[in-house]
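Here is a short briefing on one protein chain. Please look over the sequence and the model before reading on.

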Amino acid sequence: MTTTEHQRAVKAAADELIDVSFTVNGTPVTIRVPARMHLADALRQHLGLTGTHLGCEHGVCGMCTVLVDGDAARACLVFAVQAEGTDVVTVEGLGTQDDQHPLQQAFSHHHALQCGFCTPGFLMSSYDLLTHEPGVDDERLPEELSGVICRCTGYRGILAAVADVAEAHPEGVPAPRNCAPRTLVGRGGAATAAAPEAAPVGDAEEAVPTDITRPTGTPTITVEVTRLLTSPLDDIWAVMTDVHRLARCLPGAEMTEDLGDDRYRGRATVALGPVRLAFRGLARITERDESLHRLALLAQGADTGGNRTAADIGLRATATPDGGTELRADAAVFLSGRIAQFGRALAGDVSQRMFEQFAHALDETARTGQPPDVGAGPGALSIGVAAVRDAVRRRLAAVRTTLQERRARRRGC
Ligand code: FES
Ligand code: FES
């Protein structure tokens, strides 16, 4: 990457944290990163854009290819601080599951991937090639794409896919389809993971919607959970109707702005094992029934990786004979993007665990009058790890049962 007018001279110690502002997939972001962190790590760790893969981290394999100001760049060879003021496009910006870029469609059509590890690198490299050399001759493709290594496919499907797109778009490959503030809501992981005190992000902030519509269609998962709390109903209801304290009870969540009319802006971090997702979004209270002690709300969020989630949630508290409270929650959860690929069982487990932690925090808040210390409580990461561990255990148990049944059948039992 060449030096641009955006870059400023900064003298920093190797481990010093530096604020870097740039645009990624159409959304202005500000992250605080160590001076020596490369762009690929910054994209993956601070912005949740894990579509940018890392292979060699020496500029050899091409897995980490992204576009910086319209040109392909090895994200493992660019320091994140060098991205200051630039316009970065990652594979997540190319298209979405529902609206794939022609290159993604062609890769799918030609079975141009097996494990898929090299695919983001090939997609971004091909995009760069077809942008700079529209209608490039088929015979030159092997050499032009030799900067990315694939260990699985033998390259034939990849070359056929790129050749198809080159032929279909001789005037130049269509622009990325997922690059706009409306599709990348705010700073996502940047603000949550690295720089919660960073400045607002200008246009992107304005682009965040200020109202929510009830999701339609079939939810990805539905959750129904009941928990017994020790605090009396009145104390629980007092917390449920105090939105600020209620938000503090949600694991990994933080309310950032009261928009009025029972609408709130906030952010939340959810992790499934090693996959960490940071959402920004909105919540709106749709029902607050004092007599039934029922609260209903809609929530929606998106991260910078194109993941979206929406939930229609109902909470109802009833007094128990022993002076405690029964808290019942039902939620219809809608997921799209990469997170929708997690199994329903796993997503359901995570939702249940989050509710368990929420119920525990609600009880503690009602009992002590103070919201729990978010930093000291079980983090979102531990929710994910526990859920993944349990899901794996259940899966192993199911496999074990199946094997035992097969053995029994073979023995004629
Ligand atoms: S990880 Fe960047 S080129 Fe290999
Ligand atoms: S599809 Fe596996 S490395 Fe290319």
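This is a predicted model: local features need pLDDT of at least 70, side-chain atom pairs count only at pLDDT 80 or more; totals for chains, interfaces and linings use all residues.

Residues are numbered from 1 along each chain as its sequence is written, while chains are lettered from A and ligands numbered from 1 in the order in which they are written.

**Overall fold**
- The protein chain has 12 helices and 12 strands (DSSP runs, H or I of at least four residues for helices and E of at least two for strands, numbered from the N terminus).
- Of its 413 residues, 44% are buried (20 or more other C-beta atoms within 10 Å of the residue's own, with C-beta atoms placed from the backbone).
- Among contacts with a separation of 6 or more, 66% join residues 24 or more positions apart (a contact needs C-beta atoms, placed from the backbone, within 7 Å).

**Helices H3 and H4**
- The axes of H3 (residues 102-109) and H4 (residues 119-132) come within 10 Å and cross at roughly 130 degrees (axes are lines fitted to C-alpha atoms, for helices over the stretch in contact; angles run from 0 to 180 degrees between N-to-C directions).
- Leu103, Gln104 and Phe107 of H3 meet Thr119, Leu123, Ser126 and Tyr127 of H4.

**Thr96**
- Thr96 sits in the loop between helix H2 (91-94) and H3.
- Thr96 is partly exposed, as 17 other C-beta atoms lie within 10 Å (between 12 or fewer for exposed and 20 or more for buried).
- Its C-alpha atom is 6.5 Å from that of Asn178, 82 residues apart along the chain.

Definitions and conventions. Two residues are in contact if their C-beta atoms, placed from the backbone, lie within 7 Å.
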